[in-house]
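Please have the sequence and the model open side by side. The paragraphs below move through a few parts of the chain in turn.

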Amino acid sequence: MDAQEDYIWPRATSELILLPVTGLECVGDRLLAGEGPDVLVYSLDFGGHLRMMKRVQNLLGHYLIHGFRVRGDPAVGDVDSQAMLAVFGSKGLRVVKVSWGQGRFREVWRSDLWSMSDWIWDVRWLEEKVAVALGHNSVALYNPMLGRLLQEVHCTDRCTLSSACLIGNTWKELTVVAGAISNELLVWYPASAADLEPVTPDRRVSGHMGVIFSMSYLDSKGLLATASEDRSVRLWKVGDLRVPGGRVQNIGHCFGHSARVWQVKLLENYLISAGEDCVCLVWSHEGEILQAFRGHQGRGIRAVAAHEQQAWVITGGDDSGIRLWHLVGRGYPGAGVSALCFKSQSRAGTLKAVTLAGSWRVLAVTDTGALYLYDLEVKCWEHLLEDKRFRSYCLLEAAPGPEGFGLCAMANGEGLIKVVPINTPAAAVDLTPFQGKVHSLSWALRGYEELLLLASGPAGVLACLEVSAAPSGKAIFVKERCRYLLPPSKQRWHTCSAFLPPGNYLVCGDRRGSVLLFPSRPELYPTHGVGIGVGLEVGGKAVAAAVAAVLSVGGGGEGDGSTPTEWGPVSTLPALHGKQGVTSVTCHSGYVYTTGRDGAYYQLRVQSGQLQPVLRQKSCRGMNWLAGLRMVADGSMVILGFHANEFVVWSPRSHEKLHVVHCGGGHRSWAFSDTEAAVAFAYLKDGDVMLYRALGGCTRPHVILREGLHGREITCVKRVGTITLGPEFDVASLLPLDPLEPGSQGPGLIDIVITGSEDTTVCVLALPTATGAAHALTAIGNHSSSVRTVAVWGASTPGGPQDPRPGLTAHVVSAGGRAEMQCFSLMVTPDPGTPSHLACHITHLSSHRLDEAWDRQRNRHRMVKGDPETRYMSLAVCEPDRPGLDPLVAAACSDGAVRLFVLQDSGRRLQLLAETFHHKRCVLKVHAFTHKSPGQRRLLLSSAATDGSLAFWDLTAVLDHGATALQPPAEPGFPHQLGTPCLTLQAHSCGINSLHTLPIGEGHHLVASGSEDGSLHVFQLAVELPELEEAAGEAEREPQLRVLEEHTVPCAHAAHVTGLRILSPNLMVSASIDQRLTFWRLGRGEPTFMNSAVYHVPDVADMDCWSVSPEFGHRCALGGQGLEVYNWYD
């Protein structure tokens, strides 16, 4: 039978798996990782750099790998060149002999897959044999060379185990420590069995309040660590467990996790634990938490490994990510908060403000107007100057620049500004640009060529001061370049500023939350010479000439006695960050990034002299006060902000807090500085300067061996298109292939795929066809609830159909919980500087929520909300074939409605057009398809509900004529009504989870659906259109739909059919929660089973299939609790 099946067409093969990492093991400088049935072999150098040696596919068949046990080759004596690997998981075990010397991996020999009738908890090498601890408290002795079970010994207490640990190197000294579901530890010795009789436990140890998931034994110190469901880790003094009758003492009870603890590992000086809370904790043997590693997302960390010589901890999570962390004292110098001891009898006054000049110099000013410097190399305070004019009110800001760049500015409540060279404070320069309080100061630096100081004064006046140095460097010059005017607001001052490269524009943020764009010089204004007196537009309103009464004097004007011209912004994004204000502006790679105290950061661009929002992203949960944004060396960004009473440096890329300072909050003077050498954070507390300093800059001293995908289940998968890279690009993969392996000659084609998840994010993936790898290009987190469905339209190249440049552009609509829909554009272009050789640019276009009107109502807490929280279950885009028409988006809704949205202005406006409650129950799927006949084209929409019914609608008139072709709304203020369907069909007895159509010619379409009961329904649909002569001069008639032939396969799958595609009139593929990808032959009556492949992704929620090329065949992406990609050839 197997030999015959080899010739059955088509046969799908798995080329990529992204599943939770369930097994990790360090072997010398190599790391073994288990992902589903596959083994990933990494080579780690002393710098912690990654090099993947090999992916061994499907080593454990249909079982998930849970662990590795390594034994050196007796002929060689170590594991550096050759080793025997026992790979186990679930109920399977396989032994493999590998050769991995000199950076090469070669499989020498492998045993047959040994399938047990019980769960395997642990494996131990006993010379050339293998001892296996099984799920009902028994031990089996297995000879892998002969492939034979030698003996099996049971314990008298044949309970179900939740974990087990085998200790000893021979059968005679073998010890079993079993974690029973009674929350006890059972210690027994298989060799003491007489005539294979069950063995009585030698010791019973109790203490945990929940089942024990993991245990680790440290022979050198006689310690045993256990991890439990009760969220605790316990440390036991057990001595030599190989000797019966020993005493067990509980010496540590460690609580630090907020959820169940999955893994524990004992080292000579540390105890490592990891759990469901996605945290890996490093403990001392005394029970003190030394380090906490956070970064994984989702349901927890499933696997932990450690390399004691290098002080590495490696974790594998449910998000498919693998990370390497450095233990304290080995590879990462410690960081902490220290007081700089300002209080002294020789230093009068109280500290009022603090700032940082680089990462090793601290500046502080007191209420006596004294300015002090603290040098971290000298470790003492130095008095720079004292000016009593700065006693009651003083602002202090240090100029940006490299280490040793020494300038700072002070300002008071009377309009006085003092610019101080830190190295020569006697050369300070005073000027008074206006009379009145200086509300804020900020610096703007353009390379090493131009330095500006911006000061906000009364009535929204913003003075732009140009600062330069004499050639000798012993004197500085400050002159006023121009003046700007901020838009009217209650708190009218700027908060931050930055040059937009190449330097023609200044981008500022203000206290109102607006982002403003000013030309950096008056001569760069579009209408030079026109000032505020002629009504230059500011924030959308003409400012009256009377505002010119804000005046000038004291050396800052354009001439004594003259009134300087005040220039308004050329572009404004009003209240972008809400009423709390903008906190920072950063320019990088042609984009502007802004942060605010609304918990969001924006990506903007300047096009034709106007600011345009590109993307809005939220920071980590609970961090609403974003204080800044920094770009790091690897091209990613980090977010600075306050999370409750902590200052946090957060990485959106790795989803972790890189630095945490318990400072008490941001409502005090503070400053942050980062360089390649160190990161520093200074703040005032208890009348002293507190300094946090960590060497190495913003980046965390850990290595992401593999990026995680999603923290929760993948709910939808959609292919966008394909990119072809030229021969100048290498293989865009972290997975180097052997020279003789197929696909190693070039990158070939790269498929761009979008996935949505329960973790509220949408991820853009690159899947090269030649390498079997996946690269996460970007993640979008605009949704406030789960993302259940995505739809794509308008896929093209960056320059249009006529442009040969490589790349891909498309529009994407995503929807999910809380009746929320987001629309954005996607552009993927080649970029040799990234690991994937691709760069992804996202532009947010529009969003829509059904209850937006409800959110705007006042006193809504006194009212009852009429509509429940609706979920969008499925989306379908209806694209017109004529230019100038807007596409429609059809949405299947959980409240029983099918809703139509119109995408206006290329997706920048998303408007609800019509709805129908025909199904009167939850609508699970919608699918749009086009019927073409000579001279006519019809756009049809099919919808499926939980009662198993299908409905077909004609949307041609709606697409061509808009709301005029719809029925009027039932009540004023409600959307139009869609009308009655053209055809209704009862296809199944329960909910329909998958739906697809395919035109087959002669006005016929194949329609296939899959149901929750595992059945398939396939029928042929005939579409009859009215003749053109009949339709002329009268109302447009609807097409006639009728079913010609239908067939049902009642038990096609053993569970819900969640994926279905008709590939051709003769071939269909379906996927189900039963983890089977099944091919069906069509066109000969009832669909006929051809063959089936078992995939490894549990709970598959969606599937997408597409044809790649004649050479590569078809690809299929399956998304659920992971992602798997299959391919097959025609």
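The model is predicted: local features need pLDDT of at least 70, side-chain atom pairs count only at pLDDT 80 or more, and totals for chains, interfaces and linings use all residues. Residues are numbered from 1 along each chain as its sequence is written, and side-chain values use heavy atoms, with hydrogens and water left out.

Begin with the sheet E62-E63-E64-E65, an open, antiparallel arrangement of four strands in that order. Strands are DSSP runs of E with at least two residues, numbered from the N terminus, as are helices (H or I, at least four residues); two strands pair if DSSP finds at least two bridges between them. Strand E62 (714–724) and strand E65 (775–780) each have a single partner strand and stand at the edges, so one side of each lacks a neighbour in the sheet. From one strand to the next the twist averages 20°. Axes here are lines fitted to C-alpha atoms, for helices over the stretch in contact, and angles run from 0 to 180 degrees between N-to-C directions. Seven bridges join strand E63 (residues 749–757) to strand E64 (residues 762–768) in the antiparallel sense; Gly 756 has Val 762 in E64 as its bridge partner.

Gln 822 lies in strand E68 (residues 820–830). Its relative accessibility is 6%, so Gln 822 counts as buried (under 20% relative accessible area; exposed is over 50%, partly exposed in between, with a 1.4 Å probe and protein chains only). What does the side chain of Gln 822 join in a polar contact of 2.6 Å? The partner is the side chain of His 844. The side chain of Glu 820 makes a further polar contact with that of Gln 822, at 3.1 Å. A polar contact is a pair of N or O atoms within 3.5 Å; within protein, one must be able to donate a hydrogen and the other to accept it, and residues adjacent in sequence count only if both atoms are side-chain atoms. His 783 is 39 residues from Gln 822 along the chain, and their C-alpha atoms are separated by 7.5 Å.

E79 pairs with strand E80 (residues 1004–1011) over eight antiparallel bridges, and His 996 has Ala 1008 in E80 as its bridge partner.

Over residues 205–238 the chain is 0% helix and 62% strand.
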